[in-house]
Amino acid sequence: MNELDEVVHKASLEFVQASTPADLENAKARYLGKSGVMTDLMKGLAALSPEDKKSRGAQINKAKQAIEAALNYRRQALADLELQIQLQAEALDVTLPGRQRGVGGLHPVSLTLERIEALFGSMGFDVADGPEIETDWFNFTALNTPADHPARSMHDTFYVEGGSAEAPNLLRTHTSPMQIRHAVQHVKRYRGDQPDLFKGPMPEIRVIAPGRTYRVDSDATHSPMFHQCEGLWIGQDVSFKDLKYVFTDFCRTFFESDDLVLRFRPSFFPFTEPSAEIDIQFQHGPLAGKWLEVAGSGQVHPNVIRNMGLDPETFVGFAFGMGPDRLTMLRYGVNDLRLFFDGDLRFLSQFQ
Ligand code: PHE
């Protein structure tokens with residue numbers, strides 16, 4: 001190997017050993033730079049005779065071209081390598097499962113409320129909606145539950161700003177205030193401005209009022225926030241037998257069970273007289289034979305009829321208040337009420 005071949009060989013080797021573009025440029029400077037090996041060799045030509053200069057010059061040029069070729073080759077190799085590394089870093093694994101848009105669905109209690117609305121709707125009931133922050137009047141007093149009534153203690157709740165010191169506003173403890181609110185609106189439409197208790201004529205009041213209610217209560221079967229659905233039917237000839245028929249029909253349809261048995265167990269509510277708790281009993285399935293309380297009910301008390309603006313000698317009717325949370329638990333076999341309000345998708349997605 002002559003001296004020039006050796007230089008080419010050494011340069012090629014250094015290029016190959018350069019592992020970054022910066023190293024490579026440094027190596028290049030050592031051979032092709034202003035004070036590089038090749039430049040020095042060229043300078044050496046000056047001392048030669050014209051013939052030697054020619055042949056030596058040609059050799060040096062050839063060597064220089066070889067070095068440049070090796071340099072370009074390595075440059076390309078390093079660029080390729082860098083590209084490879086970048087591609088690898090940005091690699092997409094198309095076999096990974098994609099980020100999907102979750103399919104939404106209704107909450108199980110909403111499903112129950114929809115079902116209740118549909119079933120009572122088919123029996124001619126309207127659906128009414130009212131405030132969750134109530135006045136003392138609508139939640140208690142108008143419902144024949146004056147300030148000193150012991151029944152109030154079962155409705156311990158959350159008091160909020162507004163109202164008066166003796167009668168602060170509160171989170172409604174039941175949907176029964178909607179009996180008054182809805183009836184007053186309805187009656188106003190037909191009785192105009194006359195101040196006396198209204199004797200009619202007036203189309204019947206037939207309404208359900210589902211919504212959130214609140215009490216100071218919290219365990220596996222009680223939540224401080226829970227749902228109720230009020231029912232009210234007021235007319236001139238609406239009796240307890242209608243309540244039994246309507247509610248029995250509703251329960252059997254709701255649970256899709258024709259032999260479901262209902263029991264109307266005497267009870268007390270200030271706003272109904274007589275009053276009854278409604279219990280149901282399944283004849284099949286895991287709960288068969290047990291009495292399960294699902295609602296409070298009764299004939300609307302004459303004082304409540306009066307507070308609706310109606311003459312209690314003319315108008316009568318029934319009311320009930322049921323627990324959609326309870327109905328949902330029974331329908332789907334859920335044993336802890338709190339699951340409904342924890343927002344855990346593992347639970348909720350089972351209802352879609
Ligand atoms: N509001 C009563 C309760 O929450 C239930 C009820 C409603 C009872 C209507 C009779 C009539 O316990």
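**View 1. α7 (177–191), β5 (205–214) and β6 (225–235) each contribute at least two residues to the lining of the largest cavity.** The model is a predicted one, in which local features need pLDDT of at least 70 and side-chain atom pairs count only at pLDDT 80 or more, whereas totals for chains, interfaces and linings use all residues. Residues are numbered from 1 along each chain as its sequence is written, and side-chain values use heavy atoms, with hydrogens and water left out. Helices (H or I, at least four residues) and strands (E, at least two) are DSSP runs, numbered from the N terminus. One cavity of 30 Å³ or more is found when the whole structure is searched, and the volume of the largest cavity is about 30 Å³. Its lining is made up of Met178, Gln179, Val207, Ile208, Ala209, Glu230, Gly231 and Leu232. On a 1 Å grid over the protein atoms alone, a cavity is a set of points where a 1.4 Å probe fits but cannot get out, a pocket is an open set with protein on both sides within 12 Å along at least five of seven lines, and lining residues have an atom within 4 Å of a point. A volume is the space filled by probe spheres set on points joined across faces, edges and corners.

**View 2. The largest pocket holds about 1100 Å³ of space.** Of the 43 residues that line the largest pocket, Arg215, Phe226, Gln228, Glu277 and Glu293 lie nearest its centre. At least two lining residues come from each of β6, β7, β8 (272–281), β9 (292–300), β10 (316–322) and α10 (324–332). Among the contributors to the lining of this pocket, β9 gives the largest share, with six residues.

**View 3. An open sheet is formed by seven strands, in the order β1-β5-β6-β10-β9-β8-β7, with mixed pairing.** At its edges stand β1 (126–127) and β7 (261–269), each of which pairs on one side only; two strands pair if DSSP finds at least two bridges between them. Strands β5 and β6 run antiparallel and are joined by ten bridges, and arginine 206 stands opposite tryptophan 233 in β6. Strands β7 and β8 are likewise antiparallel, pairing over eight bridges, and they form a hairpin that has two residues between the strands. In this pair, arginine 265 stands opposite glutamate 277 in β8.

View 4. A disulfide is a pair of cysteine sulfur atoms within 2.5 Å. The sulfur of cysteine 229 has its closest cysteine sulfur, that of cysteine 251, 12 Å away, which is too far for a bond. Cysteine 251 is likewise in no disulfide, with the sulfur of cysteine 229 as its nearest cysteine sulfur. Buried means under 20% relative accessible area, exposed over 50%, and partly exposed in between (1.4 Å probe, protein chains only).

**View 5. Threonine 175 lies in the loop between β4 (168–171) and α7.** With a relative accessibility of 0%, threonine 175 counts as buried. When residues up to four places away in sequence are not counted, threonine 175 touches Ala209, Gly211, Thr213, Gln228, Cys229 and Glu230, where contact means heavy atoms within 4.5 Å.

**View 6. Arginine 30 is part of helix α2 (residues 21–32).** Arginine 30 is partly exposed, having a relative accessible area of 45%. Its contacts, leaving aside neighbours within four places in sequence, are with Glu14, Gly36 and Val37. Arginine 30 is 16 residues from glutamate 14 in sequence, and the C-alpha to C-alpha distance between arginine 30 and glutamate 14 is 9.9 Å.

**View 7. Asparagine 144 and glutamate 256 have positive phi values although neither is a glycine.** Asparagine 144 has phi near 60 degrees and sits in the loop between α6 (136–139) and β3 (159–163). Glutamate 256, with phi of about 50 degrees, belongs to the loop between α8 (240–254) and β7. Glutamate 256 is exposed, at a relative accessible area of 63%.
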